[in-house]
Amino acid sequence: RELPLVGREHELAVLLDALDSAREGRGRLVELIGEPGLGKSRLVREVARGLPRDHLVLGGGCMPLGADLPLLPVVEMLRALARQDGGAVIRRVIDMAPSYVGQELTRVLPELGVLDQAAPPVTADPRQASAWQRERLFAGLRTAFATALSVRRLVCVIEDVHWADATTLDFLTYLTAPDGSPRPSVVV
């Protein structure tokens, strides 16, 4: 059991307001900066507890690996989404989205098993993909998050983004770009 959070009322209020005010898929990008051990993760956990019940907080983390794992925190967030309501949320997303979205989700989450045999062969490693394959993957994942917003309001939390691989950073830029499409709030 965690002790009560003391002395962070202002920070809690600002972050809660930023995330709760992201209505109708107009997500916010929030960056928390501070020294290790300062309490950034704890602050996010407290804010998550204070969000309305219609919010779903998905988390993923970056790791200081010698060889990077492309999209590791994104895959972790999608796996968390796939566990919601016994898989009902991700199935609903796949049913509601264009068919290529399920195919792209299966490339990063093979356990979903929805890959169409007629889909063009694409490497699972985005670093080895051609430009159009990478665009299709990014578009499919962004569409999956946007479609999930019609089911639940999303807050994506990425821990230790300073260790993120280039593909993850590229996707986060793509996901949060203000292009008029629905997008989740993202806390890094």
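Trainee: Is Leu 71 buried or exposed?
Mentor: Leu 71 is buried, because its relative accessible area is 1%, and buried means under 20%. Keep in mind that this is a predicted model.

Trainee: Where is Leu 71 found?
Mentor: Leu 71 lies in the loop between strand E2 (55-61) and H3.

Trainee: What about the phi of Leu 71?
Mentor: Leu 71 is not a glycine, yet its phi is positive, about 65°. Most residues other than glycine have a negative phi.

Trainee: And Asp 160, what is phi there?
Mentor: Phi of Asp 160 is near 55°, again a positive value in a residue other than glycine. Asp 160 sits in the loop between strand E3 (153-159) and helix H7 (166-176).

Trainee: How does Asp 160 count by relative accessibility?
Mentor: Asp 160 counts as partly exposed, because its relative accessibility is 33%, which falls between the 20% and 50% cut-offs.

Trainee: New topic. Which helix holds Arg 136?
Mentor: Arg 136 is in helix H6 (residues 131-148).

Trainee: Why does Arg 136 count as buried?
Mentor: Its relative accessibility is 17%, and the cut-off for buried is under 20%.

Trainee: What does the side chain of Arg 136 make a polar contact with?
Mentor: The partner is the side chain of Gln 103, at 2.3 Å.

Trainee: Last one. Where is confidence lowest and where is it highest?
Mentor: Among the elements of the protein chain, helix H1 (residues 9-20) is lowest, at a mean of 82. Helix H3 (residues 72-83) is highest, at 95. For the protein chain, the mean pLDDT is 85, with 88% of residues at 70 or more.

Conventions. Residues are numbered from 1 along each chain as its sequence is written. This is a predicted model: local features need pLDDT of at least 70, side-chain atom pairs count only at pLDDT 80 or more; totals for chains, interfaces and linings use all residues. Side-chain values use heavy atoms; hydrogens and water are left out. pLDDT is the predictor's confidence in each residue, from 0 to 100. Helices (H or I, at least four residues) and strands (E, at least two) are DSSP runs, numbered from the N terminus. Buried means under 20% relative accessible area, exposed over 50%, partly exposed in between (1.4 Å probe, protein chains only). A polar contact is a pair of N or O atoms within 3.5 Å; within protein, one must be able to donate a hydrogen and the other to accept it, and residues adjacent in sequence count only if both atoms are side-chain atoms.
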